[in-house]
Amino acid sequence: MQLHRFHGGLKLADETDASTAEPVLVMGVPAKLTVPLGQHIGEATEACVQVGDHVTKGQRIGQSKGYIAAHVHAPTSGKVADIDLYPVPHPSGLNAPCVVIEPDGRDEWGDARMEPWLDWDTRDLRALRQRLRAGGIVGLGGAAFPTAVKLNPRAGQRIHTLIVNGAECEPYISADDMLLRTAPEAVFEGIRITARLLGVERVLFAVEDNMPEAMRALTETLPTELRDLIELVSVPSIYPTGGERQLIKVLTGQEVPSGGLPADLGMVCHNPGTFKAICDTVIQGRPLLSRIVTVTGPGVKHPRNVEALLGTPFADVIEAAGGYAEGVDRLVMGGPMMGFAVHDDSIPVIKATNCLLATRPQDTPSPGPVMPCIRCAECAAVCPAQLLPQQLYWQAKAKDFDAIQDYGLFDCIECGCCAYVCPSNIPLVQYYRYAKNEIWAREKERQKSDIARERYEFRQERIEREEREKAERLAKKKAAVKNKENDGDKQAAIQAALERAQKKKAARAEGSEKNSEKGTGSETNGEETSTTNDTRDGDDR
């Protein structure tokens with residue numbers, strides 16, 4: 001297979017011999033687990049248990065509310081001792097919400113455990129994605145992006161290539177190397193599940209050329225039925241080949257566009273540990289509860305890889321590797337290039353913890369005082385994202401956050417190559433992180449302001465609508481009263497007319513009666529007259 005070369009990069013010394021000399025140690029359950037509710041990129045989860053609750057292994061203790069989020073589960077059975085803010089692994093050093101569990105020592109699964117899916121290949125694809133979401137799986141290469149989201153491309157977006165990122169480019173980290181040596185079958189099963197989910201045509205499995213044991217294990221265990229689908233590729237160990245964009249460039253020659261995603265090229269990239277977690281969740285019904293951590297550096301007595309439960313204190317992990325060597329002054333989560341120092345070893349292992357690096361002053365001498373930039377352009381020569389680091393530095397220093405975005409700040413992967421070669425010892429990556437955090441903070445403030453403004457406008461609109469409706473109701477009421485009054489006048493007029501008519505009728509009736517009385521008197525007189533005449537006539541007879 002023809003490989004390509006990305007811009008810049010560095011050839012760094014391999015420091016993994018010490019940590020790969022021993023097999024992976026599966027750690028036991030510590031005395032206390034502090035499980036952060038936010039271990040991924042995206043929206044934080046909310047605790048769905050209360051202090052005093054008894055939880056079982058694998059029980060959900062953090063419920064995700066948004067789409068880009070991942071559930072959090074209890075690594076073992078025990079009692080919820082506290083839910084509060086605790087120190088967590090983050091460059092800011094700020095505290096974050098955590099669920100503290102006191103293990104009961106039984107390590108029991110409860111009724112909430114997911115049923116094993118040995119027949120996963122007959123399951124509906126939607127159900128498979130929901131299964132991954134239920135398992136709380138995120139990318140274990142360090143980014144911790146929710147896997148269920150990454151495996152759900154947009155409508156009409158075709159994914160034809162799946163890339164397995166086994167290019168562990170940081171000098172000291174060997175977690176993926178040891179995983180591939182010890183559990184290649186589970187990784188292949190995870191690949192098989194993912195390939196079915198995405199409907200890909202090919203899988204490119206990249207392994208750095210300084211990982212021969214891992215490549216040998218993969219070659220020997222690659223299933224026959226997958227040989228037409230999966231291609232194992234040995235890639236040069238040039239830092240940062242493990243960067244997603246850089247690896248795609250090496251394997252395919254294509255470049256992910258600025259602001260775009262590999263999916264825009266029809267590709268999806270995952271870490272080997274993520275495929276192992278997919279296999280565990282889908283086939284065994286086990287959510288993401290632990291991960292392999294490389295414990296290394298001259299500040300550790302016996303460097304090695306350990307599998308630690310999420311929430312295990314760093315101090316316990318260090319102790320599992322023999323403890324600190326004398327003279328340790330610095331503990332870093334991650335590698336020496338992209339990691340960050342932590343101020344407290346009581347903070348816990350999270351889903352993104354792939355390495356703990358302990359150093360001593362004599363092994364990492366001070367780079368010296370920071371000097372002014374001399375515009376040597378060495379930083380631009382090694383930048384794998386083809387940026388202008390010195391311009392980013394100037395804009396960050398001037399706090400011109402609009403201009404720094406024009407220079408492609410968010411294309412920076414913070415690999416540290418620029419700072420590594422800077423003759424003026426300028427901590428360039430720290431300036432970039434500062435600028436990104438400021439921009440994100442301002443964006444959040446802007447969103448809050450927009451939401452507040454929308455709420456105010458909605459309230460004003462509601463008040464105006466209610467006042468308008470009230471005025472309309474009053475107008476209708478007045479009109480009704482007026483109509484009623486008009487109706488009263490009309491009724492009075494009708495009543496008066498009726499009374500007049502009755503009076504006229506009565507008057508006519510009275511007149512008629514008088515006339516009748518007059519008529520009746522004449523007739524009586526006639527009769528009297530006739531009687532008189534008749535009597536007279538009889539007398540006459």
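The model is predicted. It holds three cavities of 30 Å³ or more, and the second largest pocket has about 350 Å³ of space. Helix H5 (residues 212–221) has buried residues that line one face of the helix.

**Cavities**

- By class, the lining of the largest cavity consists of eleven nonpolar residues, two polar ones and one charged one.
- The second largest cavity contains about 80 Å³ of space.
- Its lining has 13 residues, with Cys383, Pro384, Cys412, Cys415 and Cys418 nearest the centre.
- Helix H10 (389–397) and H12 are the elements that contribute two or more residues to the lining of the second largest cavity.
- Twelve nonpolar residues and one charged residue make up the lining of the second largest cavity, with no polar residue.

**Second largest pocket**

- The second largest pocket holds about 350 Å³ of space and has a lining of 22 residues.
- Lys276, Ser290, Arg291, Ile292 and Glu307 lie nearest the centre of this pocket.
- Helix H3 (175–182), helix H7 (272–284) and strand S13 (290–296) each give at least two residues to the lining of the pocket.
- H7 gives the most to this lining, namely five residues.
- The lining of the second largest pocket divides into eleven nonpolar, five polar and six charged residues.

**Helix H5**

- Ala214, Met215, Ala217 and Leu218 are buried in helix H5 (residues 212–221).
- Viewed down the axis of H5, the buried residues fall within an arc of 160 degrees, so they line one face of the helix.
- An α-helix has 3.6 residues a turn, so residues three or four places apart point the same way.
- The cover over the buried residues of H5 includes H3, helix H4 (184–198), strand S10 (202–208) and strand S11 (230–235).

**Glutamate 414**

- Glutamate 414 is in the loop between helix H11 (401–406) and helix H12 (417–421).
- The side chain of glutamate 414 has a polar contact of 2.8 Å with the side chain of arginine 433.
- Leaving aside residues up to four places away in sequence, glutamate 414 touches Met337, Met338, Val429, Arg433 and Lys436.

**Backbone features in loops**

- Proline 240 belongs to the loop between S11 and helix H6 (244–252).
- Arginine 375 is not a glycine, yet has a positive phi of about 55 degrees.
- The loop between strand S17 (355–359) and helix H9 (378–382) contains arginine 375.
- Arginine 375 counts as exposed because its relative accessibility is 53%, over the cut-off of 50%.
- Lysine 399, also not a glycine, has a positive phi of about 60 degrees.
- Lysine 399 sits in the loop between H10 and H11 and is exposed, at 52% relative accessible area.

**Residues apart in sequence**

- Alanine 112 lies in the loop between strand S8 (95–103) and helix H1 (125–134).
- With a relative accessible area of 53%, alanine 112 is exposed.
- From C-alpha to C-alpha, alanine 112 and lysine 57 are 8.8 Å apart in space, while 55 residues separate them in sequence.
- Alanine 315 is part of helix H8 (residues 314–320).
- With a relative accessible area of 26%, alanine 315 is partly exposed.
- Alanine 315 and isoleucine 347 are 32 residues apart along the chain, and their C-alpha atoms are 8.1 Å apart.

How values were computed. Residues are numbered from 1 along each chain as its sequence is written. This is a predicted model: local features need pLDDT of at least 70, side-chain atom pairs count only at pLDDT 80 or more; totals for chains, interfaces and linings use all residues. Side-chain values use heavy atoms; hydrogens and water are left out. Helices (H or I, at least four residues) and strands (E, at least two) are DSSP runs, numbered from the N terminus. A polar contact is a pair of N or O atoms within 3.5 Å; within protein, one must be able to donate a hydrogen and the other to accept it, and residues adjacent in sequence count only if both atoms are side-chain atoms. Contact means heavy atoms within 4.5 Å. On a 1 Å grid over the protein atoms alone, a cavity is a set of points where a 1.4 Å probe fits but cannot get out, and a pocket is an open set with protein on both sides within 12 Å along at least five of seven lines; lining residues have an atom within 4 Å of a point. Grid points are joined across faces, edges and corners, and a volume is the space filled by probe spheres set on the points. Ala, Val, Leu, Ile, Met, Phe, Trp, Tyr, Cys and Pro count as nonpolar, Asp, Glu, Lys and Arg as charged, and the others, Gly among them, as polar. Buried means under 20% relative accessible area, exposed over 50%, partly exposed in between (1.4 Å probe, protein chains only). The arc is that of the directions from the helix axis to the C-beta atoms.
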